[in-house]
Amino acid sequence: METARVIPLLPVTALAHGEMTACRVDGEEVLVANVDGQYFALPNFCSHAGARLSTGRLKGYELSCPLHRAKFDIRSGAVIGGPAVEPLRRYPVVTEGGKLYLLGGLR
Ligand code: FES
């Protein structure tokens, strides 16, 4: 039986409420965000034309792409405003001992 991977991302104190940042996991960038103490992890590149989402804007649960302003719900990765049509993947995360971990890897 395969054991699920648990990948450390950052200390929870590194990300204040309403902030987001990019972390590297297996050579890929992952966007990590804190909305009112809930943590979310998604790919850091927009599904429309690949802009780096960590340089966009986070307003509540709404993530805006910096390039053409597509909007995503950070809780689900769903598109809530074009021009993007493809949702973003969501990666499961958990906090333990003051650190945030990504569960299961990126595949
Ligand atoms: S690259 Fe994000 S909306 Fe175009």
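**View A. The hairpin of β9 and β10 in the predicted model.** Two residues lie between the strands of this hairpin, and Gly97 adopts a positive phi near 60°. Strand β9 (residues 93–96) pairs with β10 in the antiparallel sense, over four bridges. Glu96 is placed opposite Lys99 of β10.

**View B. The largest nonpolar core.** This core comprises 22 residues, and those touching the most other members are Val30, Leu31, Val32, Ala33, Ala41, Leu42 and Ile74. Two or more residues each come from β2 (20–25), β3 (28–35), β4 (38–43) and β10 (99–103). The greatest contribution is that of β3, which supplies four residues. In soluble globular proteins, nonpolar side chains tend to be buried together.

**View C. Surroundings of Leu31, one of the core residues that touch the most other members.** When neighbours within four places in sequence are left aside, Leu31 is in contact with Met20 and Ala22, with Ala41, Leu42, Pro43 and Asn44, and with Leu53 and Ser54.

**View D. The open sheet of four strands.** The strand order is β5-β6-β7-β8, and the pairing is antiparallel. β5 (57–59) and β8 (79–81) form the edges, each pairing on one side only. On average, and with direction ignored, neighbouring strands of this sheet are turned by 30° against each other.

**View E. Pairing of β6 with β7.** Strand β6 (residues 62–64) is joined by three bridges to strand β7 (residues 71–73), and the two run antiparallel. Glu62 has Asp73 of β7 as its bridge partner. Strands of a sheet pair through backbone hydrogen bonds, in either a parallel or an antiparallel manner.

Definitions and conventions: Residues numbered from 1 in each chain as written. Predicted model: local features only at pLDDT ≥ 70, side-chain atom pairs only at ≥ 80, totals over all residues. Core = buried A, V, L, I, M, F, W, Y, C linked by C-beta atoms within 7 Å. Buried ≥ 20, exposed ≤ 12 C-beta atoms within 10 Å, placed from the backbone. Contact = placed C-beta atoms within 7 Å. Pairing = 2+ DSSP bridges. Axes fitted to C-alpha atoms, helices over the stretch in contact; angles between N-to-C directions.
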